[in-house]
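Please look at the model shown here.

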Amino acid sequence: MEERIYDLIFICRPDTPEAEVDKLIALLEQTAAERGGRVEKAEKWGTRKLAYRVRRHREGYYVYLVVHGTRGDMIQEMERRLKVADPVIKYLTVRLDDELKRQRKLAQRRERRAARRTRKPKSAAAAQQAAS
Amino acid sequence: MTDELKPQSDPPAEGAVQERARAAATPASARRSKRQFFRKKKVCRFCADRIDFIDYKNVELLQPFIQERGKIVPRRMSGTCSRHQRWLKIAIKRARNIALLPFASEI
Ligand SMILES: [Zn+2]
């Protein structure tokens, strides 16, 4: 299976001690490693206002991870760990590799088109010759 | 001197206010073409910026496309092209899911 890329965001209760948050990140890193994947990036966004109340909380401590993996059960297990983790009030995983691939393709196409446009005077003349 | 009594055509300088006044006086069907004329100038913001990926984590980017009640601004108002509107919709839904943006409220 080709490598998959996921965003994993989880929100802890705003009163969660930072050490607890670090422990959770370490746990998720370990979970990913156990299933042949890895946490590429871990960002603590810190306490943010929530757009709506979540389990009576108006604020939450956001953590953002980028996870790479090839096994289908990796994310499943990470989500299970988050579900049972006491400080976690919400989490979201988004698979992003398809969209990133599409983004690269579009950028490449645009580059090619731009390159063609700079060559245009010559190629347009050639096309006209061919037509006549 | 009949020329002086003839109604003059609107001087272009007084534009906007008169335009609106006239629009209010004419029926909707007649107004439509005028409106389309103005709308046509709207270009998809994402096309203009050559955006190939709309990040759901970029709240500041998404915020202008959210109405006060949390609804997504329709394409005909924002001028977004159909492809970017589709991506935008997905991004907004993801952002809602993780409480970065509000769900549409009913009240
Ligand atoms: Zn567009």
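After α6(B) comes B:Ala99, with a positive phi near 65°. Helices here are DSSP runs of H or I, at least four residues, numbered from the N terminus. The model is predicted: local features need pLDDT of at least 70, side-chain atom pairs count only at pLDDT 80 or more, and totals for chains, interfaces and linings use all residues. Side-chain values use heavy atoms, without hydrogens and water.

α6(B) holds 16 residues and spans 23 Å from first to last C-alpha, close to the 22 Å expected at 1.5 Å a residue. That expectation is 1.5 Å times one less than the number of residues. Its buried residues include B:Trp87, B:Leu88 and B:Ile92. Buried means under 20% relative accessible area (1.4 Å probe, protein chains only).

The interface of chain B and chain A, in brief:

| Item | Value |
|---|---|
| Chain B residues in contact with chain A | 17 residues |
| Chain A residues in contact with chain B | 24 residues |
| Area buried between chain B and chain A | about 1800 Å² |

Contact means heavy atoms within 4.5 Å. Buried area is the accessible area (1.4 Å probe) lost when two parts are put together, summed over both. Carbon and sulfur atoms give 62% of the area buried between the chains. B:Asp52, B:Phe53 and B:Ile98 supply 34% of what chain B buries against chain A, more than any other three residues.

The interface has 3 salt bridges. In a salt bridge, a side-chain nitrogen of Lys or Arg lies within 4 Å of a carboxyl oxygen of Asp or Glu. B:Asp52 and A:Arg110 form a salt bridge at 3.1 Å, N to O.

Technical notes: Residues are numbered from 1 along each chain as its sequence is written. Chains are lettered from A and ligands numbered from 1 in the order in which they are written. Helices (H or I, at least four residues) and strands (E, at least two) are DSSP runs, numbered from the N terminus. Buried means under 20% relative accessible area, exposed over 50%, partly exposed in between (1.4 Å probe, protein chains only).
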